[in-house]
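Here is a short report on one protein structure. Look at the sequence and the model first, then read on.

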Amino acid sequence: MAYLFAFCRLLTGIVFLMSAVSKLRGRAAYEEFTAATRALVRLPSRLVAALVVAAEIAVAPLLAWRPTALAGFGVALGLLVAFTAAIVVALRRGRRVPCRCFGASAVPVGAGHLARNAVLIVAAAAGAVQAGAGAVHAGTGAVFAGLGPAGLAAVALAAGAVAVLLSAIGEIAGLFTSSSRRR
């Protein structure tokens, strides 16, 4: 259980940190994200974009400390559900909005993004259940108590690899959908 809990915390934290950093790496990246937000939702895009980035930044530190992990998973789940709903609405309306989840991308939101979000929702929900149950090293407050250095390294490597794969899943799916449309 400690390994699964650590994996869920690290995967979710890394993904949201990568996402926030990609949006804040420069003025152009942030403006592209704001424009994509405007195309996806009918709300004040500057406000929504700022709130999304602030919430994404909050996820990693909340997950890093055991007593606040449940709050971190809650923020992550809220964001993922909102992102998924925005993608579904865009797809139903036939809108081809580029995904700016992890920086510049010309690939419009689609099934690959929904699959990525589904995986992340499962990971965040599993982590939230474990955090809420207090079953994993409750009360210690330790970052990843009980894993040992080798265990933590293995979990961190696996979570990092999955995070990188998930961050690129839209681009990977775009390769297949682009080539099938050209035929």
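The report below goes from the whole chain to its helices, some single residues and a pocket.

## The overall picture

This is a predicted model. The protein has six helices and zero strands. Read along the sequence, the pattern is α-α-α-α-α-α.

How much of the protein is buried? Of its 183 residues, 40% count as buried. Contacts also reach across the sequence. Take the contacts with a separation of 6 or more: residues 24 or more positions apart account for 71% of them. The exposed surface comes to about 9,100 Å². Carbon and sulfur atoms supply 72% of that surface.

## Helix 3

Helix 3 has 20 residues. From its first C-alpha to its last, helix 3 reaches 30 Å, close to the 28 Å expected at 1.5 Å a residue.

Which residues of helix 3 are buried? They are Ser-45, Val-48, Ala-49, Val-52, Val-53, Ala-55, Glu-56, Val-59, Ala-60 and Leu-63. An α-helix has 3.6 residues a turn, so residues three or four places apart point the same way. The cover over the buried residues of helix 3 includes helix 1, helix 2 and helix 4.

Ala-55 is found in helix 3. Is Ala-55 buried or exposed? Its relative accessible area is 19%, and buried means under 20%, so Ala-55 counts as buried. Leaving aside neighbours within four places in sequence, Ala-55 is in contact with Val-75 and Leu-79. Ala-55 and Ala-20 are 35 residues apart in sequence. In space, their C-alpha atoms are 8.9 Å apart.

Ala-60 also lies in helix 3. Ala-60 is buried, with a relative accessible area of 17%. Its contacts, leaving aside neighbours within four places in sequence, are Gly-13 and Leu-17. Ala-60 and Ile-14 are 46 residues apart in sequence, yet 7.0 Å apart in space, C-alpha to C-alpha.

## A glycine in helix 1

Now look from the other side of that contact. Gly-13 is found in helix 1. Gly-13 is buried, with a relative accessible area of 8%. What does Gly-13 touch, not counting residues up to four places away in sequence? It touches Val-59, Ala-60 and Leu-63. Those three residues are among the buried ones of helix 3.

Gly-13 and Leu-62 are 49 residues apart along the chain. Their C-alpha atoms are separated by 8.6 Å.

## Helix 5

Does the length of helix 5 fit its residue count, or where does it differ? At 1.5 Å a residue, its 23 residues should span 33 Å. The end C-alpha atoms are 33 Å apart, which agrees. Just after helix 5, Gly-134 takes a positive phi of about 65 degrees.

The buried residues of helix 5 are Gly-112, His-113, Arg-116, Asn-117, Leu-120, Ala-123, Ala-124, Gly-127, Ala-128, Gln-130 and Ala-131. Ala-126 lies in helix 5 too. At 26% relative accessibility, Ala-126 counts as partly exposed. Ala-126 and Phe-73 are 53 residues apart along the chain, and their C-alpha atoms are separated by 9.1 Å.

## A buried arginine in a loop

Where is Arg-100? It lies in the loop between helix 4 and helix 5. At 18% relative accessibility, Arg-100 counts as buried, because buried means under 20%. Arg-100 touches Lys-23, Glu-32, Phe-33, Ala-36 and Ser-105, not counting residues up to four places away in sequence.

## The largest pocket

Rolling a probe the size of a water molecule over the atoms shows where empty space is left. The largest pocket holds about 460 Å³ of space. It is lined by 29 residues. The closest to its centre are Phe-33, Leu-40, Val-52, Phe-83 and Cys-101. Phe-33 is also one of the residues that Arg-100 touches.

Which helices supply at least two residues each to the lining? They are helix 1, helix 2, helix 3, helix 4 and helix 5. Helix 4 gives the most, with seven residues. By type, the lining divides into 21 nonpolar, four polar and four charged residues.

Note on methods: Residues are numbered from 1 along each chain as its sequence is written. This is a predicted model: local features need pLDDT of at least 70, side-chain atom pairs count only at pLDDT 80 or more; totals for chains, interfaces and linings use all residues. Side-chain values use heavy atoms; hydrogens and water are left out. On a 1 Å grid over the protein atoms alone, a cavity is a set of points where a 1.4 Å probe fits but cannot get out, and a pocket is an open set with protein on both sides within 12 Å along at least five of seven lines; lining residues have an atom within 4 Å of a point. Grid points are joined across faces, edges and corners, and a volume is the space filled by probe spheres set on the points. Helices (H or I, at least four residues) and strands (E, at least two) are DSSP runs, numbered from the N terminus. Ala, Val, Leu, Ile, Met, Phe, Trp, Tyr, Cys and Pro count as nonpolar, Asp, Glu, Lys and Arg as charged, and the others, Gly among them, as polar. The expected span of a helix is 1.5 Å times one less than its number of residues. Buried means under 20% relative accessible area, exposed over 50%, partly exposed in between (1.4 Å probe, protein chains only). Contact means heavy atoms within 4.5 Å. Accessible areas come from the Shrake-Rupley method with a 1.4 Å probe; for residues, only the protein chains shown count as cover.
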